[in-house]
Amino acid sequence: MLRDILSGASSIDPSQLAGAAGLPSDPASVAALMSQLQGALRGGGGISWDVALKQGQDRAAASQVNTTPEQRTQLDQAFHIAALWLDDVISVAELTTGPKLMTRKEWVTATMPIWSQLAEPVATSISDSLTRVLTEQAPEELQGMIANASQVMRSIGGTLFAMQLGQVVGQLASEVVSGGDVGIPLLSDSQAALLPQNVAEFGEGLDVPADQVQIYLAVRELAHARLFRHARWLRLHLISSITDFAHGIRIDSERLQDLAEGFDPTNPEELREAMVNGSLIPPKTEGQLAALARLETMLALVEGWVDVVTLEATSRLPKADAIAEMVKRRRASGGPAESAFATLVGLELRPRRLREAASMWQAVTDAVGNEARDSLWAHPDIVPSSSDLDDPKTLIARLTSTASGAAPVLDEVDQALADLLRDDGTERPHEE
């Protein structure tokens, strides 16, 4: 069937299949799709992420406009002001690399390695499920033939997934305003970036001068980048947490089999709906839910810290509140590409506990100041926990006690451990 489709001998319309897979269905795109799948048919069964990069670059370039010299001058100045204002409110060192201005295509090129790393476990799971269904359902006399077909299915399944990922990232390039806009550290260490075209579109419709929008977004981006340079462990910690979560994702083979058996080539929307609504991914396991909760807490801590320091650093901007409200609305609603990524990888990019995290960081700042607040990022063991988001009073009491030079306030666990060590250290009478 696959060979017939790719050779043009099938009655199935390739443009319908492309649309069902969430890919463009215009003639040029369908021709490119057929070429990629024919290459996968001849391939060795692996996933070529070059396909994702090409799809993403083409999607981003289609709506891209180049940065004007005036925009470059304005944004360079915005970064300069943002760096000065941030120095007054954080104790985190400056970046060693100058900030960049990126086109949408450049953003796709720079971030695709991380997107591919995050998505690979899911792509592998899909390919494995396709192969397993094919092998389990084949009659015994066809098992020898199935071995080659399984490799073909694995290659084509991986290629289709990579093409979908490219489309999602290409669309994201039209929605993000900066390198750290989605919370995940997509760029290399010490790198901050703004997308001038998207910054300009962000400011459209706001009754705010363009220079204030530029400065505000530059402050947010520099704060995000400087945090990850300061807390060197944080980038690897987040990416490892996401890939660990993704490794636990499995595709529902029974649902996949039912879909294949009942697939009507004249109604590809059924296939598209199954891929969009996430029904092929079973409910998360308890282990996944726990991993997801830890990940969301850390993402919320990062975003909450950025919110708090940005609020303080931009207090000089007359329209800072209006811009901050726009940022919150964008974060709450997300964009179509974020929804597509959530379906594709099973992970929401926006943390749900952001409000609690921002409130906690503000309370810590008010209690002990900026330097003590920022010192909490020094090591993963001292970063605030989920329970600190629920009730930051214990954390603040400990930090206040430390700042005043008093004995640290111990929680129940630490107190019990201290009591145990004290008991072990008491003198006992000598036995005769």
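Visitor: Contact here means heavy atoms within 4.5 Å, so which residues of H9 meet which in H14?
Guide: In this predicted model, Gln212, Val213, Tyr216 and Arg220 on the H9 side meet Ala320, Ile323, Ala324, Val327 and Arg331 on the H14 side.

Visitor: At what angle do H9 and H14 pack?
Guide: The angle is about 60°, and the two axes are 10 Å apart. That makes H9 oblique to H14, and H9 passes H14 in a right-handed crossing.

Visitor: And H8, how does that one cross H9?
Guide: Helix H8, which covers residues 196–203, crosses H9 at roughly 120°, with the axes coming within 10 Å. H8 and H9 are therefore oblique to each other, and their crossing is right-handed.

Visitor: Which residues meet there, between H8 and H9?
Guide: From H8 they are Val199, Phe202 and Gly203, and from H9 they are Val213, Gln214 and Leu217. Val213 of H9 is also one of the residues that meet H14.

Visitor: Stepping back, how many helices and strands are in the chain?
Guide: The protein chain has 19 helices and 2 strands. Of its 432 residues, 47% are buried, and among contacts between residues at least 6 apart in sequence, 82% join residues that are at least 24 apart.

Visitor: Where is the kink in H16 centred?
Guide: The kink is centred on valine 368, and the bend there is about 120°. Val368 is also among the buried residues of H16.

Visitor: What do the buried residues of H16 pack against?
Guide: They pack against five helices, namely H9 (210–230), H13 (286–313), H14 (320–333), H17 (386–390) and H18 (393–404). The buried residues themselves include Leu354, Trp361, Val364 and Arg373.

Visitor: What about H18, what covers its buried residues?
Guide: What covers them includes H16 and H17, and the buried residues of H18 are Leu395, Ile396, Leu399 and Ser401.

Visitor: How far apart are the end C-alpha atoms of H18?
Guide: They are 16 Å apart, which agrees with the 16 Å that its 12 residues should span at 1.5 Å a residue.

Visitor: Changing topic, where does alanine 83 lie?
Guide: Alanine 83 belongs to helix H5, which covers residues 69–87, and with a relative accessible area of 22% it is partly exposed.

Visitor: How far is alanine 83 from alanine 218, in sequence and in space?
Guide: In sequence alanine 83 and alanine 218 are 135 residues apart, while in space they are 8.4 Å apart, C-alpha to C-alpha.

Visitor: And which residues is alanine 83 in contact with?
Guide: Leaving aside neighbours within four places in sequence, alanine 83 is in contact with Leu222 and Arg226.

Terms used. Residues numbered from 1 in each chain as written. Predicted model: local features only at pLDDT ≥ 70, side-chain atom pairs only at ≥ 80, totals over all residues. Heavy atoms only, no water. Bend = angle between axes of the 7 residues up to and from the residue. Helix = DSSP H or I, 4+ residues; strand = E, 2+ residues; numbered from the N terminus. Buried < 20%, exposed > 50% of the residue type's maximum accessible area, 1.4 Å probe, protein only. Contact = heavy atoms within 4.5 Å. Axes fitted to C-alpha atoms, helices over the stretch in contact; angles between N-to-C directions. Parallel < 35°, antiparallel > 145°, perpendicular 65-115°, else oblique. Left-handed = near helix turned anticlockwise from the far one by under 90°. Expected span 1.5 Å × (residues − 1).
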